[in-house]
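Biologist: I'd like to learn how to read a protein model. Could you walk me through one?

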Amino acid sequence: MTEHTGLWLYAVADQLPDGRLPCPAGIDEAPVEAIAHDGLAAVVSPVDLHHYGEEALARRLEDFDWLAATANRHHAVIEAVHHLSTTVPMRLATVYTEPRRVSTLLAEQHDLLRRALDSVAGHTEWGVKAFAVNRPQAPPAAGGEESGAAYLRRRRAELANADAVRQEVWDAAQHAFHELGLLAVAQRRHRPQDAKLTGKPEPMLLNGSFLVEDTEQDAFTKAVSTLTADHPELEIQLSGPWPPYSFAGLAVEA
């Protein structure tokens, strides 16, 4: 490596040997390799610090297209390593300008990283999102002209019914989170995503992540199917299994 080469850190994994890993190419098509130390392995690829030093990287992170493509590549590497070994994903754009500091990380943070790996061994993450389903509204009753008082009574009834429906759907989403949590060893609520991101006009009522034992995956996915059938007022989306982003990710100092 030259003095202008840094290391992009994807994850820390358990018991991988030193050397190149059988996984997709990393950032800028660079080969991905493991740096091993005392049972831990940092998953890294080299990057040119002219483009990935602190200032250059800050500029790139403002480019949405670059950020999306880079996040996909970062995830692809983590996903592949997750199939090789227990994995603790690292935050996107964790770059070490001094490669020797990666080995220092493994040595100085060994116990913390070991606990993180042990906490997710034999588990995977599943994501569950729930959206309200728009229900067709009944047309106004046919008849003659309404008086002003009759119109106001009807509107109050419609608004009260709409509030009751919203509460019913909200309660159903929270029930789903509770029921699925019973099958997980840990769960997280995330901020509901904006409609611009989901591409759906219906509001997101639940954005949850669940850490599930590998032996319970079938039971978990069946529970999602049951909840979907029991709650037609919800559109429930299941994704996974994923590396444990929500449960083992560590923000380390580069």
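Modeller: We'll go through the core, the strands and the rings in turn. This is a predicted model, where local features need pLDDT of at least 70, side-chain atom pairs count only at pLDDT 80 or more, and totals for chains, interfaces and linings use all residues. Residues are numbered from 1 along each chain as its sequence is written, and side-chain values use heavy atoms, with hydrogens and water left out.

Biologist: Okay, which residues have the most contacts inside the largest nonpolar core?

Modeller: General idea: in soluble globular proteins, nonpolar side chains tend to be buried together. A nonpolar core is a set of buried Ala, Val, Leu, Ile, Met, Phe, Trp, Tyr and Cys residues joined through side-chain atoms within 4.5 Å. Buried means under 20% relative accessible area, exposed over 50%, partly exposed in between (1.4 Å probe, protein chains only). Here the largest core has 23 residues, and Trp 8, Tyr 10, Leu 21 and Val 43 have the most contacts inside it. Strand S1 (5-14), strand S4 (40-48), helix H1 (49-52) and helix H3 (64-82) each supply at least two of its residues. The largest share, five residues, comes from H3. Those labels are DSSP runs, numbered from the N terminus: helices are H or I, at least four residues, and strands are E, at least two.

Biologist: How many aromatic pairs does the structure hold?

Modeller: Rings of Phe, Tyr and Trp (its six-membered ring) pair if their centres lie within 6.5 Å; planes under 30 degrees apart count as stacked, over 60 as edge-to-face and the rest as tilted. The structure holds six such pairs. Phe 177 and Phe 210 have ring centres 5.4 Å apart and planes at 50°, so this pair is tilted. Phe 177 lies in helix H6 (residues 148-181) and Phe 210 in strand S9 (residues 204-213), 33 residues apart. Phe 210 also makes a tilted pair with Phe 220, and both are buried.
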